[in-house]
Amino acid sequence: MAARQKLLSTVSACRALNIPSRRVCHGCINTHALRSFTTSKSARHDFFKDLESQIKVFREKAAAAMPGSDWNPIDLTPGLPPERADIVIVGGGVVGWSIAYWLKRKERMRDAVRVLVVEKDPTYSQASTVLSAGGIRQQFSLQENILLSMASADFMRNINEHLGVVNEDPVDLQFNHSGYLFLASEDVAHIMEENYETQRSVGAKVTLFSPSQLKERFPWISTDGVALASYGLENEGWFDPWTLLNAFRRKAMSMGVYQCIGEVTGFKYSMHSARTMDGDKVPIKRINRVNVRMPNSLEYQPVECALVVNAAGANSGKVAGMIGVGTGHNQSFADIPVPVEPRKRYIYVLHCPDGPGLDTPFLIDYSGVYFRREGLGGNYIAGMSPEEAEEPDTSNLEVDHDFFQEKVWPLLAHRVPAFESLKVSSAWAGYYDYNTFDQNGILGLHPLVSNMYFATGFSGHGLQQSPAVGRAIAELILDGGYQTIDLSALDFRRIYCQEPMLERNIV
Amino acid sequence: MAASMLCQTVRQSRVHTCVAVFRRGLSSSPASPPSLLTRFLLKLHQHFYDVEHLIGWRAKHRSWFVRRKNVFYGYTQQNYGENIAAAYYILSLKGSFRFAGQSEWFRPNARGKFSYDFMNYPTSSIEEIDLSGTPINHVGLDNLVSQKGLRSLSVRGCPEVDDWFLSRLHVFGESLEELDLSHCPQITVGGLAALQNLRMLRHLDVSSLPRLQSPGLVHILLEEMLPRCHVKGAEYSQGLIQSDIPIQTESVQEPVTETR
Ligand SMILES: Cc1cc2nc3c(=O)[nH]c(=O)nc-3n(C[C@H](O)[C@H](O)[C@H](O)COP(=O)(O)OP(=O)(O)OC[C@H]3O[C@@H](n4cnc5c(N)ncnc54)[C@H](O)[C@@H]3O)c2cc1C
């Protein structure tokens, strides 16, 4: 509104100069009246030039202040969610939309299941999906993880058969087939060898390098301290997470999935109790309604549903808490919370014109530091997970630049001497959907909530597994059990039995 | 057909209006406008289930054709050996090949017919393959991976050759010396990066790849990545000024040059 005031003061200045003010009106100039001006030509010119820019500023301000001008590239139908849905998916990240797609894909009849995806933030400003590094690899130690990634790679290979929509541009994931390169020190080389055997046995195309072979393949690496390296030949690299998320969403919506912008804030449930083998009484809950709060209002809409899928990423522990999981009062079965919490991770964008070239893989050093190429202009992204004791505060997504200077950079420069000189051009932070129990996905029904399925806790590899995880959850729901990959080892039982499924990491 | 169309209930589901709105917000590249017929069909597609099925069926048929052309010849392989299966696959795609130690090429005639003389050499492996202009894709490559002595491969102008195809070429890493990828409409730099696994490569043709955004720069990067290989491609200066889209970041820090 300052501009408006300025305009008014210009008008009063006109009065002072004895220029009839009616000749200057807001936003339009009476050209006919102009001719009778007496000021010199150049002064007149300046005056109107100034006025025009003032008006422009004013217009911009007014537009920004208008209600509802919060311009959004994705035009969504506003409004309330449907009152009834068969399956409500909490969280519209890549996992949520993948499940929605697969549910529709597997339904036998058109509109046999009514699927609703509830997402609280249509800009995805905090979702892990769009803040991730976008990598996919098969170099895991658990067979389940390897198979999930291979199935997802297969999905991405044929992505347009899955996610292509008639009359739309084909999906282009911008997949970079550059592979992952893991480096192992003397202490962990034997683990790498075992992992390699497992990976080969399930069909992943991985190869091992000795330090000298490594130097020959990637002359820019310093092999100091490296005893063994493993490199993925196929199906490994990185891609654009946004494209995958949007493609899933576009396809799922074209197949009839409902989307609703709102936050799930609670559940209405009924309860009955069951007895454990030891004779303890445990309450079993069943969700009847999901409460969805509309954005920017206090309005709630209860959605009646048969099943709920918790795919809220880093927030899924909190969503589980809403139904009272993990808040029991005595030391019992019901007390064990869903062990998923947000953990902040930084990614730094580096510029280094003399850095490694097109052959740069997604490199993961045994020290924990990782980097990959970004585009062709000498840009890289790098990061590292902090020590358990030094986990940063998760209340916001601010970046700690000292962490790069003190922890990441020395390790990077040690591995790639060209990185001795670089500049950090930008950085961002995102939340891992961190599974504090064993850092792997938690899939399937919760034992104490008879109709809530989970697909969460992927801790840094959820993006690459999302296509296969979506299929797995759809199989659980619609077929009653896993059909393609047996993932029963990733269910809740391991948490209650305290038998972690740990990745044998070399980092 | 028309009658049944009229009997169809016109769709009025909210979902479809959602999709239409969604599209406007997201489509980025204005593709060449489709023909009148296609546009008419698409209009109908939005309103009638029949037409939707028809169009879906057409797309399915197209991918089915490519899939059928690229099936794995497991039966042939079992009964006649890997070499014969590979040779038969190449000829049925209307490609041509040369066995190691022979000088003449086997190729089908203009009508796609070929003689079965190649059956006489079940122990010869294939050294050179020319599959230019054929519908080969990454699945069809399964029929060729057994040819560990392959030295030259041309997939010039193949519409189905994509980055995933290139990422599988590592199986020929120990032998492949010559590779012609020119005029392939789907190849991008993301797939060319996988050629680093072809350590024996001496000649590479990457000219006229329409999806390469800065072909000159990619040419330089390829030469740097494969120092022993002669790369034929765009002029260095072509598209050197690149338009790398900056990464979206939460907090953008002022760039500062630092040296340790
Ligand atoms: C820095 C970083 C790097 C990574 N790198 C990789 C990588 O290289 N490869 C890889 O595979 N993975 C990587 N990941 C992990 C990957 O991003 C995640 O595992 C994956 O995105 C999880 O997807 P999601 O859909 O479960 O979660 P999200 O994408 O977080 O989606 C959850 C959604 O739920 C919504 N939500 C939450 N609570 C509610 C509620 N109450 N009501 C409604 N909506 C709600 C949120 O708004 C959010 O959009 C990385 C992660 C980070 C942070």
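Which backbone nitrogen lies 3.5 Å from a polar atom of the side chain of B:D163? In this predicted model, that atom belongs to B:G191, whose backbone nitrogen sits at 3.5 Å from the aspartate side chain.

Let me stay with B:D163 for a moment. The residue belongs to helix α7 of chain B, which covers residues 163–168, and its relative accessible area is 10%, so we count it as buried, the limit for that term being under 20%. If we leave aside residues up to four places away in sequence, B:D163 touches B:Q186, B:I187, B:T188, B:G190 and B:G191 in chain B, and it also touches A:F175 and A:H177 in chain A. For B:I84, by contrast, the C-alpha atom is 27 Å from that of B:D163, with 79 residues separating the two in sequence.

Finally, a word on confidence in chain A. The average pLDDT there is 87, and 85% of the residues score at least 70. Over residues 1–41 of chain A, however, pLDDT stays under 50, and the model has 30 contacts for this stretch beyond four places in sequence. Residues 70–77 of chain A are likewise below 50, and that stretch has 11 contacts in the model beyond near neighbours in sequence.

Conventions: Residues numbered from 1 in each chain as written. Chains lettered and ligands numbered in written order. Predicted model: local features only at pLDDT ≥ 70, side-chain atom pairs only at ≥ 80, totals over all residues. Heavy atoms only, no water. Helix = DSSP H or I, 4+ residues; strand = E, 2+ residues; numbered from the N terminus. Buried < 20%, exposed > 50% of the residue type's maximum accessible area, 1.4 Å probe, protein only. Contact = heavy atoms within 4.5 Å. Polar contact = N/O pair within 3.5 Å; in protein donor to acceptor, adjacent residues only side chain to side chain. pLDDT = per-residue confidence, 0-100.
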